[in-house]
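Morning, everyone. I have one structure to walk through today. Please have a look at it first.

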Amino acid sequence: MSAEIYLDRMFAFVQEAGGIALDLLDNSQISFKKDNSVITMADKNISALARRTLADFLQSPQHILVDEEDPQSVNYMDQQRLNQTPFIWAVDPIDGTRLYANRMPLFGISIGLIKDLKPWLGAVYFPMLNELFYCDGKDAYFVEHAFSPKEKKTRIVPIDEEISHSSLFFCNDTFFNRFYWKDKDFHIMIHACAVVNLCWPSIGRGMGCFLKCHLWDFAGSWPIMRKAGLDFRRVSDGKVLEEVQADLFDIEPLSWHLKEYYLISSARNFDPILSKIGQNSSK
């Protein structure tokens, strides 16, 4: 089956999911998971939509779905099974759920298709911004006024911005639990939304990000950011995240959660940015 067929399915999914999210925005029916993270009716409905949209693919043992809202996803964390599965779909129904629950526009819907353990296709849609980022396996694109007659598509190319006083770098909302920022001229920003942190630097909105997250948080953005010359580099040793390996993720208490912190940037900017991050001695 061609990349185009899979990508068309992704587009259909994120467009319909975006409609669900917007329809439920004023009545999101907030509740909490066991770990006190937020879940809304939109998360649940979009998760169910993902399973329906991919149902024919998932009938084949060649395909699995890792969905944030499906507790059974932990069962796929076996390297032998992953090695025997050519296609891994990963879905985050609403990334930035707290933002969504507070009716803020910086939330996204993410779907990625990993082929032979490596990032391949991805689509990330921001319904309130009407912006779409996607990778077709060869190139990545940024689409303004997505799914409308006014669509404007721009191919994403590597941007190796030099650090300056106007530069911004993104980090996750748990950054200050273990780290601190050592530069008063090069600023950090916290959106509390992984797909914003990952997609925006691909078009020059910021220089990269620092995070430790779940597979579904980054699977859709992963192939997009790589086309922009940005890579996940492990903070401990600078090793690039090239493929999905079960031993890189925790099983408990959070399944499919990266064990280590990663800095996402161009190759040139990795060391300069890392030098601005200090670790709290008490952590």
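Let me start with a term. A pocket here is an open set of grid points with protein on both sides within 12 Å along at least five of seven lines. Keep in mind that this is a predicted model.

So, the largest pocket. Its volume is about 1,200 Å³. The lining takes in 38 residues. Nearest the centre of the pocket lie D35, S37, E68, H214 and L254. By class, the lining has 14 nonpolar, eleven polar and 13 charged residues.

Which elements each supply at least two residues of that lining? Two of them are β4, residues 87-95, and α5, residues 97-101. The others are α7, 194-199, and α8, 215-218. β4 gives the most, with three residues.

Stay with E68, one of the residues nearest the pocket centre. Its side chain meets that of K33 in a salt bridge, 3.4 Å from N to O. This pair links distant parts of the chain, 35 residues apart. E68 sits in the loop between β3 (63-67) and α4 (79-83). K33 sits in the loop between β1 (31-32) and β2 (38-39). E68 is partly exposed, at 22% relative accessible area. K33 is partly exposed too, also at 22%.

On to other salt bridges. The structure holds 13. One joins E242 and R226, at 3.0 Å, N to O. Here, too, distant parts of the chain are linked, 16 residues apart. E242 is in the loop between β14 (231-234) and β15 (249-250), and R226 is in helix α9, residues 222-227.

Another pairs R234 with D237, at 2.7 Å, N to O. Buried means under 20%. D237 is at 47%, so D237 is partly exposed. Salt bridges with shared partners also join K33, E68 and E69 into one network.

Next, the cavity. There is one of 30 Å³ or more.

Last, the surface. F176, Y180 and I190 form a nonpolar patch, with about 280 Å² of accessible area together. F176 lies in helix α6, residues 175-178. At 45% relative accessibility, F176 counts as partly exposed.

Methods
Residues numbered from 1 in each chain as written. Predicted model: local features only at pLDDT ≥ 70, side-chain atom pairs only at ≥ 80, totals over all residues. Heavy atoms only, no water. 1 Å grid on protein atoms, 1.4 Å probe; cavity = no way out; pocket = protein on both sides within 12 Å on 5 of 7 lines; lining within 4 Å. Points joined across faces, edges and corners; volume = space filled by probe spheres on them. Patch = residues over 30% accessible without salt bridge, like charges linked within 9 Å, V, L, I, M, F, W, Y side chains within 5 Å. Areas by Shrake-Rupley, 256 points an atom, 1.4 Å probe, with all protein chains shown as cover. Salt bridge = Lys/Arg side-chain N within 4 Å of Asp/Glu carboxyl O. Helix = DSSP H or I, 4+ residues; strand = E, 2+ residues; numbered from the N terminus. Buried < 20%, exposed > 50% of the residue type's maximum accessible area, 1.4 Å probe, protein only. Nonpolar A, V, L, I, M, F, W, Y, C, P; charged D, E, K, R; others polar.
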